[in-house]
Amino acid sequence: MSRSVCCAFVLVMVACLSLPALLLADDTVCIQCHSGQSGSLEAPIAEWRTSIHAGNGISCHDCHGGDPTDFDMAMDSERGFIGAPDYVDVPAFCGRCHVGVFDAYRVGAHGEAIDEGGAQCVVCHGNHAIQNASLDLINEDDCSQCHAYERAALIRLSLVETDTMIIAAERDLDRLYRLGFAVDDMQGSLFNQRNSFHRIFHGVEVERVRQETAGVQSELGKISEEVAAIDSTLGQRKLWGSVVIGLFLLAGVIFLLVRKTYEEEEKS
Amino acid sequence: MQPIKMLVDFFDVRLGVRDLYDRELKGYLLPRNVNVWYTLGAVVLALFTLQIVTGIFLLMFYVPDSEKAFASVQYIVNEVPFGWLFRMLHAIGANVIMIALLLHMLSVLFMGSYKGRREFTWLSGFIILNLTMGLCLTGYLLPWSQLSFWATTVATDAAGAIPVVGEYLVEFLRGGPTVGNQTLGRFFALHVVGMPLVLLGLIGAHLFCVKRRGISPPPFGSDYRTTEELPFFEHEKHAGGIPFFPNYFVKDAAVICFFIAFLLAIIFYAPGLFFPESAFQPADPFLTPPHIKPEWYFLWAYQTLKIFPSEIVGLGVQGAFMTFLALLPFIDRGPERRPAKRPLFMTCYVLVILVFVAISIWGHYS
């Protein structure tokens, strides 16, 4: 091989590594415009990027309306822009998507007290940086800012077991899904049970929470049984797979030993 | 034993099978210092056979229709007895074939086995490698998952960077302006009929070239001689060598067993290794999933397209590199084959492998 061909080739390959990447921006006009602002107008962008909404593809316009493709009309009411809601309107604002939770909330103690400053969605969940809800949201520090913690503590106690079951079922179904198992039905059932569960405690009634979580737990138990059956099948597959792998390795070693005898024959 | 002897006699008097065995198997002699790297051709052949067998099984249940393809794969994996195993053997087997093919190519380059009037052997092997990548690409679309759909969209889109004909080429590849049912139809036809037929022909041609020209001996040990380019055809004989069958065949069989054990180990202990989450979601043309990446053996090409300021430059570099590799036996004509005596070649060899690995890792994490 000629030296010049080699040198040219090496130079081309090194050039591959030295040139900058071409990046393309796919942000909406809301993000592009607010990113260039300051203070409270800019802060929601960074907060939103860390949120579960961003993770699920829910962007500014999905809640606040407007046209995310047109700078001039982005905040025009003709394009559905509704901006930020007043304090008392927040539950209905979020409730456009979280329908079941909104229904339970508005007839509960928090919802009925909203005109007197009762807690609404963002008081507990935050707004732009909203994360996947967990039982940690019910805690003495936060709840006792408005009222005594005893009732909230009882509700939390009633929820712990069910919450643990839901988290375990989510983890199991995700694992089986990643192995190619058809878990759509179980995921649909879990989705329903999780929604029911969330709806129950937004009513903040201890007795109702205790009664209805029993039904949710029963349905979650059925999912656990199905998961256990699939895991048993997987265990059997792994066992038999290990046997077959062992047989192939053994066959390989035997073939090599046979080859060894041929080598001795070839030398003699 | 009598019935077996009668059966062999039956064929022998009609086809001369004993003569064939003596001449083509027992009488086919290999160099005495032939090493384990020479088994990789047989490994690839065995894995291709496995692909054909499992592919035929999958074909019994797969429906090449964008409305039904994903569901049919789900049906195979969840309902058909041992369907999951056949699907895994086929999909993960494709990755193991690529590993074996790349190792085969790297060992041939390392030992300079393409030298000594073996251009056709190298070229047919190089086309087999590319055709296998084509089979992988067309097979990738068939499950009609998010990964299938978007990886194919990105891959076919790259052709659009070619000046003048790019736009038409993209439409020709897809059968329309976007990836859709028509793309699935043509990829399916190519994957199950067109490409396998060409592949079988090429494998035949490759084996013919190997057999006709003779095995290139390893460039190691005291028996080593430089490979002269004679002005006439000569079959490279290995007098006093070892018979292919059964002496060397058992080594082929051993390495094939180890490769199949390796394939099964991935299936049973790391089944998700080659399947990202998007491989389990049905294709949705209106939802672009984040972080869509091609298979590991295409990552270098994917990242090359990204790091250049325009795709046409990236495509040009890829084309130049692949053309250079295809024509290597015509360029590198020196008789020396010992790696230690080819410092320039070996430096490039190591450098290119490192650059490829680095670009692939970069592509994976970019």
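Leu137(A) sits in the loop that joins α9 (121–125) to α10 (140–143) of chain A. Helices here are DSSP runs of H or I with at least four residues, strands are E runs of at least two, and both are numbered from the N terminus. This is a predicted model, in which local features need pLDDT of at least 70, side-chain atom pairs count only at pLDDT 80 or more, and totals for chains, interfaces and linings use all residues. Residues are numbered from 1 along each chain as its sequence is written, while chains are lettered from A and ligands numbered from 1 in the order in which they are written.

**Confidence**
- The complex has an ipTM of 0.94 and a pTM of 0.82 from the predictor.
- Chain B has a mean pLDDT of 94, and 100% of its residues reach 70 or more. pLDDT is the predictor's confidence in each residue, from 0 to 100.

**Chain A overall**
- Chain A has 13 helices and 0 strands.
- Its radius of gyration is 29 Å, whereas a compact globule of 268 residues would have one near 18 Å. The radius is taken over C-alpha atoms, and the globule rule is 2.2 Å times the number of residues to the power 0.38.
- Along the principal axes, the C-alpha atoms of chain A fill a box of roughly 100 × 60 × 35 Å.
- Of its 268 residues, 19% count as buried. Buried means 20 or more other C-beta atoms within 10 Å of a residue's own, exposed means 12 or fewer, and partly exposed is in between, with C-beta atoms placed from the backbone.

**Two residues of chain A**
- Leu137(A) counts as partly exposed because it has 13 C-beta neighbours inside 10 Å.
- Beyond four places in sequence, Leu137(A) touches Cys124(A) and His125(A). Contact means that C-beta atoms, placed from the backbone, lie within 7 Å.
- Gly252(A) belongs to helix α13 of chain A. It counts as buried because it has 20 C-beta neighbours inside 10 Å.
- Gly252(A) reaches across to chain B: setting aside neighbours within four places in sequence, it is in contact with Ala254(B), Cys257(B), Phe258(B) and Ala261(B).

**Interface**
- Chain B puts 40 residues into the contact and chain A puts in 35 residues.
- On the side of chain B that touches chain A, α4, α10, α11 (299–307), α12 (311–326) and α14 (343–365) of chain B give two or more residues each.
- α10(B) gives the most to that side, with 13 residues.
- That side of chain B has 30 nonpolar, 6 polar and 4 charged residues. Nonpolar covers Ala, Val, Leu, Ile, Met, Phe, Trp, Tyr, Cys and Pro; charged covers Asp, Glu, Lys and Arg; the others, Gly among them, are polar.
- α11(B) is largely enclosed by the rest of the structure, because 8 of its 9 residues are buried. Among them are Trp300(B), Tyr302(B) and Gln303(B).

**Nonpolar cores**
- The largest nonpolar core has 60 residues; among those touching the most other members are Val43(B), Ile97(B) and Ile256(B). Such a core is a set of buried Ala, Val, Leu, Ile, Met, Phe, Trp, Tyr and Cys residues joined through C-beta atoms within 7 Å.
- Elements supplying at least two residues each to this core include α13 (206–267) of chain A and α3 (40–59) of chain B. α5(B) gives the most, with 14 residues.
- Ile256(B) is in contact with Ala42(B), Val43(B) and Ala46(B), leaving aside neighbours within four places in sequence.
- Another core, of 24 residues, lies apart from the largest one and includes Val101(A), Cys143(A), Leu159(A) and Ile200(A).
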